[in-house]
Amino acid sequence: MAKQPQPISPMKNFFAGGFGGVCLVFAGHPLDTIKVRLQTQPKPKPGESLLYAGTLDCFKKTLAKEGVKGLYKGMAAPIIGVTPMFAVCFFGFGLGKKLQQRTPDDILTYPQLFAAGMLSGVFTTAIMTPGERIKCLLQIQASSGKVKYAGPMDCVKQLYKESGIRGIYKGTALTLMRDVPASGMYFMSYEWLKNLLTPAGKSHNELSIPSVLFAGGMAGIFNWAVAIPPDVLKSRFQTAPEGKYPNGFRDVLRELVREEGIGSLYKGFNAVMLRAFPANAACFLGFELAMKFLNWLAPNL
């Protein structure tokens, strides 16, 4: 007989998710910097070669030019943004699960877990869109050499002055297109892998650390497999000059496919997948450990 499952507590999910987010940023930020630099590098002039030949080349050049600090550029914004965002993300997932349970010990089906994950994607978009817009603008100004913004707060001020709240929330539809299906995939695949790795008759809570790391890392890969095409469009759209794409993402998609073919929708694939595994493994491990601690601290909450 498996132990009575701990009732789902969206509040505990909130705090444990925040801790998972901090673990994710530390593990993944260097590759995120490389991903954005690769996705937004300028098209070479005839006869010139690309600024970065690929993931490894970008890594080497960044290290040589800016040292380890260069890889952790702009990390304050994601730590400030990601901690509440993952907290809200895991809270949304917990809430989505709770809303679908008739009784506290109901076992949810995979489509239900997918739906709960999608709800968490809606929750996070509200926090995510401005954070991502600012992050992309700061990351590309470092590699393009033109310094327009002194830092995250200055960036918010200037965007607000230029085009009000809409300027800060530019790319919301694309962020939703990216995060809603991808979050469904993320949480569903994590729960599926946890079930797969749990020996018969044992409870999820007894999973070994390598198993949690594997399930979390793979969930990250499933998440990004769904998220990369809208992510490429979003990076382009959010860093484009005002008015370049009057019809929003349809214009970005048309231009990308016309200029660089359909494969360009998977730009930065290696950097993303390399980062997805360790970052999300770290995230879910942080989440599970924080959950254990919270369940021990306040078993009845």
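Good morning. The model is a predicted one, in which local features need pLDDT of at least 70, side-chain atom pairs count only at pLDDT 80 or more, and totals for chains, interfaces and linings use all residues. Residues are numbered from 1 along each chain as its sequence is written, and side-chain values use heavy atoms, with hydrogens and water left out.

I begin with the chain as a whole. Its secondary structure consists of nine helices and zero strands; by definition, helices (H or I, at least four residues) and strands (E, at least two) are DSSP runs numbered from the N terminus. Read from that terminus, the order of elements is α-α-α-α-α-α-α-α-α. With a radius of gyration of 20 Å, close to the 19 Å that the globule rule gives for 301 residues, the chain is as compact as a globular protein of that length. That radius is taken over C-alpha atoms, and the rule is 2.2 Å times the number of residues to the power 0.38. The C-alpha trace spans about 70 × 40 × 35 Å along its principal axes.

Of the 301 residues, 48% count as buried, where buried means under 20% relative accessible area, exposed over 50%, and partly exposed in between (1.4 Å probe, protein chains only). The chain exposes about 15,100 Å², 68% of which is supplied by carbon and sulfur atoms; these areas come from the Shrake-Rupley method with a 1.4 Å probe, and for residues only the protein chains shown count as cover. Among contacts with a separation of 6 or more, 77% are accounted for by residues 24 or more positions apart, a contact being heavy atoms within 4.5 Å.

Now to the helix pair. How do the axes of α1 and α4 cross? Helix α1 (residues 10-39) and helix α4 (residues 110-144) have axes that come within 9 Å and cross at roughly 75°. That makes α1 roughly perpendicular to α4. Axes are lines fitted to C-alpha atoms, for helices over the stretch in contact, with angles from 0 to 180 degrees between N-to-C directions. Under 35 degrees counts as roughly parallel, over 145 as roughly antiparallel, 65 to 115 as roughly perpendicular, and the rest as oblique. On α1 the contact is made by His29, Asp32, Thr33, Val36 and Arg37, and on α4 by Lys135, Gln139, Ile140, Ala142 and Ser143.

I turn to single residues. Gly28 also belongs to helix α1 and is buried, at 1% relative accessible area. Beyond neighbours within four places in sequence, Gly28 is in contact with Arg275 and Ala279.

Phe86, in helix α3 (residues 76-100), is likewise buried, with a relative accessible area of 8%. Not counting residues up to four places away in sequence, Phe86 touches Gly17, Gly18, Gly21, Leu24, Tyr186 and Cys283.

Finally, is Glu206 buried or partly exposed? Glu206 sits in the loop between α6 (172-197) and α7 (209-239), and at 46% relative accessibility it counts as partly exposed. Thank you.
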